Every structure is written in C-alpha cells, then in structure tokens.
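Let's walk through this model together, one piece at a time. Have the coordinates open and follow along.

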Amino acid sequence: MRRILSSLLLVLLAIAFLAVGTPAETETEQVLQFSAAADTAEESAATAAQTAQDKEGRLQQAIKYQRAKNTLFFFDQGYGILFLALFLFLGISAFLRRQIEKITGKRFWVVAFYTLMFLIIAFIVGFPASYYGFTLEQKFELSNQSFFQWFGEELLALLVMAVIALIAVEGIYLALKKAPRTWWIYVSVVFIGFAVVLVNLAPVLIMPLFNVYTPLPEGELRQRLVSLSHRANVEVEDIFTVDMSKQTKKANAMFTGLGNTKRIVLGDNLLGEFTTDQVEVVIAHEMAHNLMHHIWKGIFFSAVVMAIGFLIIHLSGPAIITKWRNRLKIDGMADVASLPLIFLIFSVYGIVTMPIFPAYSRHLERHADKFALDMTQNKEAFISAMDELAYMNLSDPNPSPIIEFLLYDHPPISKRIKFAQEYEF
C-alpha cells in the first residue's frame with residue numbers, strides 16, 4: 001500500500017533522535033534544536049491525524065462503493081430473470097423466430113440471426129444497469145473513461161460476445177436436433193474444449209482488442225520476476241505491461257493464457273504505485289495459479305457445474321414447453337426460440353449455485369497466497385501490497401459474511417492480511 005504508517009514511524013523515530021541532541025552542542029543550539037523538534041512534532045502529529053482521517057474517509061468510500069455494486073449485482077440478476085420470463089411468456093421469442101423464418105428458411109441462418117437479434121435486444125434492455133455501473137465508477141473517481149470511450153468498449157465487447165455466442169449457440173442447437181436425448185452430454189464435453197481454446201486465445205486475440213500490451217523493459221523488476229519464475233519453475237513466454245489506466249484507477253496483475261500464450265501481465269497502475277517487493281509478491285501469487293494448475297482445475301470444475309445445469313435444462317425444459325405451449329408458441333427445445341428458456345433456467349440455477357464458485361475460488365486463492373509468502377519470504381511486502389490494493393480499488397476489507405459467502409471470489413483483504421501476519425514459514 002502507500003506505507004503511510006511505516007513512513008510516519010520513520011519520521012517519529014527521526015524526531016526522537018533529534019530531540020536527544022549531542023553533548024557538544026551549545027545551549028543556543030539545544031534551544032534551537034528543541035524548538036525545531038517541537039515544530040516538527042506538531043507537523044508530524046498533524047500529518048498523522050490527516051493520514052488517519054484520509055484512511056478512514058477512504059474506508060467509508062469503499063464500504064459505500066461495494067454496497068452500491070452489490071445492490072446493482074442483485075438488481076441486475078432479478079432484472080435479467082424478469083426480462084427473460086417476459087420475453088418468453090409474452091410470445092416475443094416465438095414472434096422473433098417467425099419473423100426471421102420469413103427472411104430465410106435455412107436452420108443455420110435462423111439460429112444465427114435469432115442469436116444476434118436476441119443479443120442486441122438484451123444489450124439494449126440491460127443498458128440502464130450497465131450505464132449505472134459506469135456512473136458508479138465515475139462517482140467514486142475510479143474511472144478514467146469518458147462516456148463515449150466506455151460505450152465504445154461496450155459495443156466492442158458486444159461484438160466479441162456475438163462471435164463467441166454464434167459458435168456456442170449453433171453448436172447447442174445442432175446437438176439438440178441430432179441428439180435430443182443426449183445433447184447435454186455432448187455439449188458438456190465440447191464446453192471443456194471450447195473453454196480451453198478461449199483461455200488459450202484470449203491473451204493474443206481478445207484482450208489486445210481492449211488494451212495495449214507492451215513487453216516489460218529490461219531492468220531490476222524484470223530480472224526479479226524472471227528470477228522468481230525460475231525459482232517457481234514456471235515457464236512464461238514473456239512479461240507484459242498493460243495500459244489499465246486507460247480505463248480505471250484500479251490496480252491489477254494476472255498470469256494468463258495456456259501453453260504458448262502463458263504470460264505475466266502487470267497493470268500500469270500497479271507499476272506506478274507498488275514497490276518492486278510488492279510487485280514481486282503479487283506476481284508470485286499469480287504464478288501459483290499456473291504452477292498449481294488452477295486454470296485447468298477451474299475449467300473442469302466449471303464443466304461439472306455446467307453439465308449439471310445442462311442436465312437440468314434437458315429434464316425441465318421440455319416439461320415447461322409442454323405445460324405452457326399455447327403461451328410460449330415454441331415447438332420444442334430444438335426450436336431456437338427456446339434460447340431465452342435455456343438462459344432463464346441457467347439464471348435460476350446460477351442463483352441456487354451462486355456460493356459454489358466463489359467458495360472454490362477462495363480456496364484456490366488461499367493456496368496462492370501461501371505460495372507467494374513461501375516464495376518471497378516477505379510478509380511485510382505481502383501485507384502492504386494487500387493494503388495498497390484495497391486502497392486503490394476501494395475494496396471493503398470487512399464485508400458482511402453473507403456477501404462474502406455469496407460473491408467474494410477472493411478472501412477479504414482483512415483475512416488475507418491476518419493470514420500473512422499469522423503465517424509461519
């Protein structure tokens with residue numbers, strides 16, 4: 001973090017040393033020294049009070065910010081479910097499919113055009129919530145974007161999502177048509193390969209669409225990180241910096257990619273505010289995710305949860321269509337007009353299973369923290385880095401247990417700091 005308390009301690013120690021003086025000083029010099037020390041003490045006391053006030057103010061801002069984000073998250077969940085239900089039960093989905101069939105009778109193009117239109121409608125309906133999220137970042141002075149910069153990235157994200165969705169939805173409805181009884185098994189298996197491809201290609205095809213990635217220049221930091229990767233027995237293609245400050249004042253770092261696209265990525269905000277020791281401990285944490293195969297574990301864990309979700313859709317979807325056939329006007333699960341129903345069932349399933357992913361992620365993050373401490377042997381850097389991240393990112397260090405249970409994919413900052421303080425090498 002900003003190491004405010006450490007700096008203050010050094011100042012106080014210096015004042016104490018000056019106040020003692022030396023035996024060779026004259027009376028006048030001692031008077032002048034004591035006077036200067038008194039003035040400095042008053043200034044330091046004022047600085048300490050201001051620092052404490054600033055930190056308390058920042059903490060209150062973090063609490064308000066996180067509460068607003070959590071409220072938006074839960075509102076967005078309910079809003080999305082309501083939209084999907086109305087889109088289905090008002091017959092809009094079937095109407096949209098019929099209009100597309102008037103243009104083209106080929107199944108492939110019906111699925112493609114329906115998917116694109118549905119994404120655009122969902123984007124428009126969800127725009128108020130997205131915009132409110134943007135205004136939150138502006139309100140709490142975390143965003144560096146203008147509205148048009150932000151909106152441009154939203155459109156770009158929609159385009160990327162559309163490409164991925166077209167591939168995924170075409171695959172799902174092909175499976176539904178060819179194997180109506182076992183489609184969910186095929187889709188679940190293909191999901192694993194699809195996820196692996198996306199994770200592998202994201203660092204070279206998707207992420208560069210939004211930011212500029214530049215190799216970290218030669219110097220002490222690069223040498224430290226290369227040395228760390230050798231000690232950790234982690235091979236990386238390169239170390240990059242990314243212009244995160246283009247979007248936000250927050251700090252972040254990551255270890256991303258698979259195979260020949262593995263790389264360390266450092267946000268420029270992090271480089272600008274963190275010491276070399278702090279960056280090293282953050283990257284040690286990220287390296288742990290790769291060394292301990294957390295990306296692979298996450299993919300397979302997600303695949304299991306997704307497979308259960310697809311099975312639930314397979315079992316409940318046809319029953320819902322049969323019961324509400326007159327209202328839905330959907331021919332069956334292989335009808336692309338059932339896409340909102342798939343999303344609706346998954347949304348409800350996602351709420352029920354909401355705590356599972358964060359709990360598993362927190363488990364992995366704890367192991368990564370342990371690895372970072374063991375590799376660097378530097379508790380002070382770890383603690384100050386956590387402090388700095390909380391300060392820059394407006395993280396609530398002590399969220400309510402319910403919010404932590406439902407939403408936190410990392411342990412709260414206070415728990416990570418306590419873990420480091422009590423950790424024994």
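At 58% relative accessibility, Leu 90 counts as exposed (over 50% relative accessible area with a 1.4 Å probe and protein chains only; buried means under 20%, and partly exposed lies in between). Leu 90 sits in the loop between α2 (27-89) and α3 (92-103); helices here are DSSP runs of H or I with at least four residues, strands are E runs of at least two, and both are numbered from the N terminus.

A word on the ground rules: this is a predicted model, where local features need pLDDT of at least 70, side-chain atom pairs count only at pLDDT 80 or more, and totals for chains, interfaces and linings use all residues. Residues are numbered from 1 along each chain as its sequence is written, and side-chain values use heavy atoms, without hydrogens or water.

Now step into α3, whose buried residues are Ser 93, Ala 94, Leu 96, Arg 97 and Ile 100. They cover an arc of only 160° around the axis, which puts them on the same side of α3; the arc is taken over directions from the helix axis to the C-beta atoms.

Helix α7 (residues 220-231) buries Leu 221, Arg 222, Leu 225, Leu 228 and Ser 229. Down the axis of α7, these buried residues fall within an arc of 125°, so they line one face of the helix. They pack against β2 (238-242), β4 (263-267), α8 (268-273), α9 and α13, with contact meaning heavy atoms within 4.5 Å. The face turned away from the buried side of α7 carries the exposed Glu 220, Gln 223 and His 230.
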